[in-house]
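Please look over the briefing below alongside the sequence and the model.

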Amino acid sequence: MTQQPSYIEKDILIKTQEYIKKTFLQEGTGHDYYHIDRVVINAKKILETEEADEFLVELAAWLHDVGDYKLHDGVDKSEELITQFLKSLAIDSSVINRIIEIVSQVSFSKGKIPLSIEAEIVQDADRLDAIGAIGIARCFAYGGSKNRILYSPDPVEKENTTVQHFYDKLFKLKDLMNTETAKKIAQDRHSFMEEYIAQFYNEVQL
Ligand code: NI
């Protein structure tokens with residue numbers, strides 16, 4: 001059985017959702033409020049088959065992109081901003097530390113290994129939103145925000161294209177899922193991306 005959030009914890013989750021909505025609604029790089037909302041939905045789905053602290057998972061899922069270096073000109077401000085926000089809700093420092101620990105283990109680029117089931121779930125939930133139809137849309141949105149070209153037949157130029165990102169990251173994610181539920185969902189989304197890229201090359205190499 002998963003540990004359910006208490007009444008006070010539910011109130012914290014609602015206040016966190018409001019804070020995230022306010023902060024991320026206008027974000028244009030594919031890390032907008034609805035991305036975070038989907039990560040929470042994915043995390044809840046995974047929680048149905050995993051034994052974990054539901055409150056910690058949900059709170060970390062809401063906060064996982066706060067202060068991310070991609071959104072702060074390359075500077076990681078997650079610890080600072082998450083602490084600031086959770087302190088404003090008078091949350092215990094032991095909980096704040098757990099949340100910071102989970103969030104620090106989620107990111108693909110930081111290359112850290114999740115050390116708790118809670119971190120494994122949030123990482124899977126975030127990665128599921130990076131693949132499939134949504135993942136494709138987010139990948140091109142992010143590439144656009146960085147002024148990257150879609151693709152290039154030139155072998156040198158191709159390294160910095162959005163299509164290259166499928167090979168550098170997105171196609172690898174299905175084998176990096178931690179939980180069984182995420183592995184199953186990832187399979188389907190992975191196949192869809194393969195079909196998409198095959199069709200993409202069919203169209204550009206007429
Ligand atoms: Ni994310």
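This is a predicted model: local features need pLDDT of at least 70, side-chain atom pairs count only at pLDDT 80 or more; totals for chains, interfaces and linings use all residues.

Residues are numbered from 1 along each chain as its sequence is written, and side-chain values use heavy atoms, with hydrogens and water left out.

**Overall fold**
- The chain has 9 helices and 0 strands, where helices (H or I, at least four residues) and strands (E, at least two) are DSSP runs numbered from the N terminus.
- The radius of gyration, taken over C-alpha atoms, is 18 Å, close to the 17 Å that the globule rule gives for 206 residues, so the chain is as compact as a globular protein of that length; the rule itself is 2.2 Å times the number of residues to the power 0.38.
- Along its principal axes, the C-alpha trace spans about 60 × 35 × 25 Å.
- Buried residues (under 20% relative accessible area, with a 1.4 Å probe and protein chains only) make up 46% of the 206 residues.

**Nickel site**
- The nickel ion has as its protein donors His-35 (NE2), His-64 (NE2), Asp-65 (OD) and Asp-126 (OD), at 2.1 to 2.5 Å; donors are N, O and S atoms within 2.8 Å of the metal (3.2 Å for Na, K and Ca), and water is not among the atoms, so sites may look incomplete.
- Along the chain the donors follow the spacing H-x28-H-D-x60-D.
- His-35 in helix H2 (residues 33-47) and His-64 in the loop between helix H3 (54-63) and helix H4 (78-88) are 29 residues apart and link distant parts of the chain; both histidines are buried.

- Trp-62 lies in helix H3 and counts as buried at 3% relative accessibility.
- Contacts (heavy atoms within 4.5 Å) of Trp-62 beyond four places in sequence include Leu-13, Gln-17, Tyr-33 and Val-40; the C-alpha atoms of Trp-62 and Gln-17 are separated by 6.6 Å.
- Buried residues of H4 include Leu-81, Ile-82 and Phe-85, and the cover over the buried residues of H4 includes helix H1 (7-24), H3 and helix H5 (93-104).

Conventions:
Buried means under 20% relative accessible area, exposed over 50%, partly exposed in between (1.4 Å probe, protein chains only).
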